[in-house]
Amino acid sequence: MITDVLKVLRRAFSIMIMAPLAIQIIPASSAEVLFEENFSTKVVNSSPNPVWSWNVTSDVQNGMMVGKGDIYQVVEGEQFLSYRNSLQMDFNGRNGFCNVCGGDDVTVASISGSTACVNAPNGPHETIVYNKSNQFSTWKVTNESNGNLCFDISAPHQEPIHGIDPSVSVGDEIYLPKVCGVNGTIGGSTNRRSDCNKAINYLDNVDRSTVGYGESIARRFYLYIPNETQLPNTTMKLGYSYWQSPGQNARAVTLKLSVQRDLTLELTMPNGDKYAKSMNDSDAFFMPKDTWVYFEEVFTRESSSGANDARYQLFVSEIDKDVSRPVVEANNFTLGELVRMSIAGNWQHSNEVKGYAYFDNIKIETFTDPEMTIGPVNRPVIEN
């Protein structure tokens, strides 16, 4: 399978002009770094101190869900580029909460000794429960009958995801996962979609004046998907950008991988096109597994108000392969003002999803020269 994917990938890039990879030297006056993250210090928002930053929070509905046992975590020595760390995306996430088949939210009604009990409608439920008031610590069920469920609170089954002490108190919000394939429906829980499917890492401090008329902004990142990772059955979003023209609604530019199409690269583009086209309009780009892949989107605004000369380019390549020409390009449309931008995105859940994806060497930069790009990392060192 991987061999076939790589053959298709090589065919898609066969018409590129081969050139050695190198970091482009850009005069300081022509560019501004807005965000850069290589996870060298094992945390997010580390180096350099960014103009933009991740909205890092432990809240279950907004911001970047980061920490041990959460959806995102900085890990050391697993898959990485220049340093020994990268950002790991865990498809189970939130102590396994992301892949349950729906469930019921209840509150703790009573505690007696080492046992807590709750009203349990619409059973049966799984053998563990989640204390959402205690950062998704999990606890083992001891009994469920006649609409009542009790669980052992003498020790947690899994610790809270942000390192706080495990606890259960009267009034805590408890999530009771249903049994998959019995009365649990994949994607049927609004609460689960809010907590996991909306885990989009939007950046703070994005300002409409950041990209002026005729200026460009580029977003670069590297992605690694291990072969053993079981991906969602529809799409995995790699990032969002929202742009708005005067008097119109904001439009989302979405970069994603379609799992149903064997990891085909797909786009919702700023000019209205829906799917990515390869360079020769015949071969799609397929994301290979077990290798780092370079992505860079470059947005160039229209030259003046109302002009239709904006441009969008997407550069994609396996590591150390040529990226002298874009895989996807759109021209002659109106882009508008930048409203919002994210790195990494949500995914459509199914309970079979498991494993990880990794992000590294992320950078966002603006240019006054529309022909500039950030470019790939200069021969990154991969050590396992």
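Thr-210 is buried, with a relative accessible area of 18%; buried means under 20% relative accessible area, exposed means over 50%, and partly exposed is in between (1.4 Å probe, protein chains only). This is a predicted model, where local features need pLDDT of at least 70, side-chain atom pairs count only at pLDDT 80 or more, and totals for chains, interfaces and linings use all residues. Residues are numbered from 1 along each chain as its sequence is written, and side-chain values use heavy atoms, with hydrogens and water left out.

**Around Thr-210**

- You'll find Thr-210 in the loop between strand 14 (203-204) and strand 15. Strands (E, at least two residues) and helices (H or I, at least four) are DSSP runs, numbered from the N terminus.
- A polar atom of the Thr-210 side chain lies 2.8 Å from the backbone oxygen of Asp-207.
- Skip the neighbours within four places in sequence, and Thr-210 is in contact with Leu-34, Trp-52, Glu-215 and Thr-366. Contact here means heavy atoms within 4.5 Å.

**The whole chain**

- The protein chain has two helices and 23 strands.
- Out of its 384 residues, 53% count as buried.
- Take the contacts between residues at least 6 apart in sequence: 70% of them join residues at least 24 apart.

**Aromatic rings**

- A pair of aromatic rings is described by two things: the distance of the centres and the angle of the planes.
- Rings of Phe, Tyr and Trp (its six-membered ring) pair if their centres lie within 6.5 Å; planes under 30 degrees apart count as stacked, over 60 as edge-to-face, and the rest as tilted.
- How many aromatic pairs does this rule give? The count comes to 16.
- One of the pairs is Phe-221 with Phe-359, which is tilted, at 5.9 Å centre to centre and 50° between the planes. Phe-221 sits in strand 15 (residues 216-224) and Phe-359 in strand 23 (residues 356-367), so this pair ties together parts that are 138 residues apart in sequence. Both Phe-221 and Phe-359 are buried.
- Trp-243 and Phe-299 make another tilted pair, 5.1 Å centre to centre with 35° between the planes. Here too, distant parts of the chain are linked: Trp-243 is in strand 16 (residues 235-244) and Phe-299 in strand 19 (residues 292-300), 56 residues apart.
- Buried or exposed? Trp-243 is buried at 0% relative accessible area, and Phe-299 is buried at 1%.
- Trp-243 also has Leu-335 at 6.4 Å in space, C-alpha to C-alpha, although the two are 92 residues apart in sequence.
- Phe-97, Tyr-130, Phe-136 and Tyr-175 form one aromatic cluster.
- Arg-340 lies over the face of Tyr-202, 3.6 Å from the ring centre. A charge sits over a ring if NZ of Lys or CZ of Arg is within 6 Å of the ring centre and within 35 degrees of the ring normal.

**Salt bridges**

- Side chains of opposite charge can pair when their charged atoms come close.
- A salt bridge is a side-chain nitrogen of Lys or Arg within 4 Å of a carboxyl oxygen of Asp or Glu, and by this rule the count comes to ten.
- Glu-76 and Lys-42 meet in a salt bridge (2.9 Å, N to O). Glu-76 is in strand 5 (residues 72-76) and Lys-42 in the loop between strand 1 (31-37) and strand 2 (53-54), 34 residues apart. Glu-76 is partly exposed at 45% relative accessibility, and Lys-42 is partly exposed at 47%.
- Lys-132 and Asp-105 meet in a salt bridge as well (3.5 Å, N to O). Lys-132 lies in the loop between strand 10 (128-131) and strand 11 (137-145) and Asp-105 in strand 7 (residues 103-107), so the pair ties together parts 27 residues apart in sequence.
- Lys-132 is buried at 15% relative accessible area, while Asp-105 is partly exposed at 28%.
- Glu-365 forms a salt bridge with Lys-363, with the closest N and O atoms 3.6 Å apart. Glu-365 is buried at 8%, and Lys-363 is buried at 16%.
- Salt bridges that share partners join Asp-105, Lys-132 and Glu-173 into one network.

Terms used: A polar contact is a pair of N or O atoms within 3.5 Å; within protein, one must be able to donate a hydrogen and the other to accept it, and residues adjacent in sequence count only if both atoms are side-chain atoms.
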